[in-house]
Structure formats: C-alpha cells, structure tokens
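Have the sequence and the 3D view open as you read.

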Amino acid sequence: SEVFDLCFISHYRPELFSQDSSQLFKKIKETQGCLFKNSITYASIHNLSLVVASKSRDPELQDAEFDYFSSIAGEFNFQFTRGDKSAREFDTYRVALSSDLIIHPASTLGFELFATGKKVLFGANQENELITEWGIKHYFDTLPDAVKLKSSSKEEFFKTCDRIRQMADIHYENLTADPARAIVTMSEKEFPHEIVRRLLSDCLQQ
C-alpha cells in the first residue's frame, strides 16, 4: 500500500460553511483552513507527499470537500481518500496508519491514532478559546506540549512538525504513552483485537 509523509484528517462539514453558522463553527472552519494551508506550505517546501482523509461519507459531499481543500492547496498535488459506510469504511484509517505524521484540528480518529503510538500533531488549540468552547479542553490538557500548537503562525507550525518528525521513535513513545492511555481507555495486558478474538472464540465454543 501507498505510504505518505503527511496525512491531514479532515473536519469538513457543510454546516461550517452556512451563512448563519455559529461563532464556534466559524472558528473551527478558520482553524482548519489555516492548519491545512500551513500543511500544504510545509509539504511544498520539504517536497513531501500529503493525503487528506475525508470526513464526509456521502459522494456529493465528498466532491464539495475535495473542492474546498483544492481551493486552499492551489497547485499542490495532494491525494484525497474517500471513506464510505460499506466497501471503504476503513480507507481513512489505512492511509493515516501508512503516514509518517498525522495532522488534524481535533478528530476522534486523530486521538485514536495517537493512542496507537502514531506521530500526531493536534492543531485546534492554535486558536485561543476554541478548545474550551468546543468542550475538548480536558483532552488537550492531557496531551504533551510537543504534539500541539501554541499559535496559528507558520513558524510555530513548521517548528512543531520538524520537532515531531525528527524525534526518535523511542523518545516519542516515552513522551506520549501515558497521555495516550489517559485519553483512550485500553487494556495494558491485551490488545483490542486479542480481546475480540477471545470473545468470539468463547462464543463459538458455547
């Protein structure tokens, strides 16, 4: 399967773009736009591949979502991975897992991937007050400073990406293992797929 340098997890939703969208939605839209623009600039300068994992599941919405990201990316040629509820349910997971660094404002998938030990950059707290209004501040407070932005500046974004990408895997693991366990409840003795296998096996033997 294809490997990517960067994966941007989309938080595209049509309601972010409606005329009467709330202040919160306006902030989320602005934050995502800024984060993606910085991702494209970073990828261009460093000659990196970038894939966008779609948020939408409806084909028409996905077209609008692709157009939105294309309008920001300009000449930059990024990949766009569509998920759906049947045949391609796990495509977005697959591309994220085969990427070196995952960038997102604040998606559940981003937190899940962080819990697996993947290198993840959290961007929602580049905008003051957003994480509080969004109701996700307690999750962000648990994260180490090294994986979240302090401002929306391009310099801050570049510096943070460089630091995460250059960090030795063992150092990253030491830094993130406890916060990951605190955010996503996981057994330390058994992996989820092992638990599922055991439960199925028990059921089949009854």
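Which residue in β2 does Phe-8 stand opposite? Val-52 is the one facing Phe-8. Keep in mind that we're looking at a predicted model.

That pairing belongs to a wider arrangement. Strand β1 covers residues 4-9, and four bridges tie β1 to strand β2, residues 50-53, with the two running parallel. To get from β1 to β2 the chain goes through helix α1, residues 23-46, and this β-α-β crossover is right-handed.

β1 has another partner too: strand β4, residues 99-104, pairs with β1 in the parallel sense, again over four bridges. Here Phe-4 stands opposite Ser-99 in β4.

| Partner of β1 | Residues | Sense | Bridges |
|---|---|---|---|
| β2 | residues 50-53 | parallel | four bridges |
| β4 | residues 99-104 | parallel | four bridges |

Now for the leucine. Leu-175 sits in helix α8, which spans residues 169-183. Is Leu-175 buried or partly exposed? Its relative accessibility is 29%, so Leu-175 counts as partly exposed; buried would take a value under 20%.

Leaving aside residues up to four places away in sequence, Leu-175 touches Pro-144, Ala-146 and Met-167. Take Ala-146: this residue lies 29 residues from Leu-175 along the chain, and their C-alpha atoms are separated by 8.6 Å.

Key
Residues are numbered from 1 along each chain as its sequence is written. This is a predicted model: local features need pLDDT of at least 70, side-chain atom pairs count only at pLDDT 80 or more; totals for chains, interfaces and linings use all residues. Side-chain values use heavy atoms; hydrogens and water are left out. Buried means under 20% relative accessible area, exposed over 50%, partly exposed in between (1.4 Å probe, protein chains only). Two strands pair if DSSP finds at least two bridges between them. A crossover is right-handed if, with the strands pointing away from the viewer, the path from the first strand over the helix to the second runs clockwise. Contact means heavy atoms within 4.5 Å.
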